[in-house]
Amino acid sequence: MADGKVKEVKMGRGRAMGPRPKLENPMGTLKRMISYSFGAYKIQIILVFVGIIVSVLCQARGTLFTKELIDKYIVPLTQSENPDFTDLKGEIFTMAIVYAVGIAFIYLYNKLMIYISQGTLKKLRVDLFRHMERLPIKYFDTHSHGDIMSVYTNDVDTLRQLIGQSIPQLFSSVITIVVVFACMLITSVPLTVVTLIMTTVTLFVSKKVAGKSGGFFISQQKSLGAVNGYIEEMMEGQKVVKVFCHEEKSLERFYELNEELYQNAKKANQFVNILGPINAQIGNLSYVVCAVVGGILAIYEVPFFQMLSLGSLASFLTFNKSFNMPINQVSQQFNSVIMALAGAERVFKLMDEKPETDEGYVTLVNAKYENGTLTETKERTGIWAWKHYHKADDTTTYVELKGDVVFDDVDFGYTEEKMVLHNIDLFATPGQKIAFVGSTGAGKTTITNLINRFYDIQDGKIRYDGININKIKKDDLRRSLGIVLQETNLFTGTVRDNIKYGKLDATEEEVIAAAKLANAHGFISRLPQGYDTMLTANGASLSQGQRQLLAIARAAIADPPVLILDEATSSIDTRTEKLVQAGMDRLMKGRTTFVIAHRLSTIQNSDCIIVLEKGKIIERGNHEELLEAKGKYYSLYTGNQIGM
């Protein structure tokens, strides 16, 4: 690209016009959406339906008044020198009231629909977020975060159109068609037959034209999710993109995704957009045919047909417009309905994702010793215990939380086809520091993910204080663990809020003590507002080292008996690392600690160093023992001070 410009990628028609996806269960999705929204607003929905029915009846009554006005007052005016208009004033006043009632009910049900639609979307977002929080880590590891965000924004917003406009419009159209059809039959059967013939043509054309766009609306929503996912990915990796000068390559890929979205959106909307004008013209043709046929019936005496009055003809032509209008409106709502169903399908697909299962029944409680026996208490004593109910003999035992962790012949794989860990046997007694070293992909982080049950093992057992962790409730298990990850995550809020994330009810003294323990108090004090300094964008105003210090302070304030450090100092410079290491040593004192080593120099004082290779433990021992063995650890330590 010698000209320095990114060449826009042109998508071939084959790709855009490829096999179109179909809604898996459109009627089921629609019923589920209706029941979801209407279930919480039954009274309001009934009022909406009443409002629609009353407004349609008022409109029909107004049309019938046209017949009375022409036949009873206008025609006599042309035929008599002294027509009687005595009752006209009362008729007009009555119709004014009828129209006023109709307008009032239209206002009422439209206002209620705003309340219902926005309330439903609010509930839907809450339910989505609540369910998302219950999904396993595996789901977020295998789905684009941008695509998930698209469900919350684009897909949920399509439902606003469905609930707030399309469904009321469809119901109003059905009521209008029924009421107007009855009025047409009363007015003129022959003209009703003519109208039905033209309506059949309209429905046939609508089915043919609109049917072509359905698959493209589904593709449009998926393409929109892909575009959002890519944008989110590029925003997070912008530094990497610029470092490797991949701006043009990124733009090329964006053009491809954006072009695919454009093609799907264009195909989806072009069919629907031509549907309205086509139906409008067929409706106009129906009006003209009825006017011609009606004029003949009004002027001439046609055998087997009753003559029409001018008032009846005028009313029927208005009914003809009223009958064709809702059919045209329904066709115009087709794109909104298809888009909403495609969006609803993606929303419900996320909501139907299997949540993280938890069959545990052992809970974590405050405890105290009375006469040498551990018992439960509501007071915070600093002693925690596992409350273990034994169903077999209907007894409850309490085991003090100390941090004794044992892996017994554990096998694990992220998929059944490919195992990552094989026959893992290890133990960590309370207060021990266990370090994992090995090449990338050896299984170091995987082991720590199993301790807090981010993933469940395929075979073997993991025991925590002698209890199978599958028996421990996940919330209680994770409450007993502290973890500092290599990648820090800070949330929008003050520095204090981010530290208190580890213990929401922490006092100011506990916050400062945790910060001092992590050697973070110094730099926090130098911030513009100290602990009240606002952090945004994952703490972008802080250095990587400072963000890591806050993550360590967050773990410290939780005061867990078991600590997991996943290369917690890998992003900190050597000078800062010395300060952090001193704080880390204080933090680890008396705690069972699992450390994933980045620099081997930081784990020399570990009680046990476990060397992993291809998911298997190949060496174990302390620093001196492993150096004497002159195996893998020896080659790592003497050949390269930084773990592979």
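I call a residue buried under 20% relative accessible area, exposed over 50%, and partly exposed in between (1.4 Å probe, protein chains only). By that rule, buried residues make up 45% of the 644 residues in the protein.

The model is predicted, so I took local features only at pLDDT of at least 70 and side-chain atom pairs only at pLDDT 80 or more, while totals for chains, interfaces and linings use all residues. Numbering runs from 1 along each chain as its sequence is written, and side-chain values use heavy atoms, with hydrogens and water left out.

**Overall**

I counted secondary structure as DSSP runs numbered from the N terminus: helices are H or I with at least four residues, strands are E with at least two. The protein has 21 helices and 16 strands.

Next I looked up contacts, meaning heavy atoms within 4.5 Å. Of the contacts with a separation of 6 or more, 74% join residues 24 or more positions apart.

For surface I used the Shrake-Rupley method with a 1.4 Å probe; for residues, only the protein chains shown count as cover. The accessible surface is about 33,700 Å², and carbon and sulfur atoms hold 58% of that.

**Salt bridges**

My rule: a side-chain nitrogen of Lys or Arg within 4 Å of a carboxyl oxygen of Asp or Glu. The count comes to 18 salt bridges.

*Entry one.* I checked Arg 130 and Asp 127. Their closest N and O atoms are 3.0 Å apart, a salt bridge. Both sit in helix H4 (residues 88-133), three residues apart, so about one helical turn separates them. Arg 130 is partly exposed at 49% relative accessible area. Asp 127 is buried at 16%. I also found Lys 123 here: Lys 123, Asp 127 and Arg 130 are linked in a network of salt bridges.

*Entry two.* Which parts of the chain does the pair of Lys 474 and Glu 356 link? I noted the bridge itself: the side chains of Lys 474 and Glu 356 meet at 3.2 Å, N to O. The two residues are 118 residues apart and link distant parts of the chain. Lys 474 is in helix H14 (residues 474-479), and Glu 356 is in the loop between helix H12 (334-351) and strand E1 (363-370). Lys 474 is buried, with a relative accessible area of 5%. Glu 356 is partly exposed at 23%.

Glu 370 is partly exposed at 38% relative accessibility. Lys 368 is partly exposed, at 28%.
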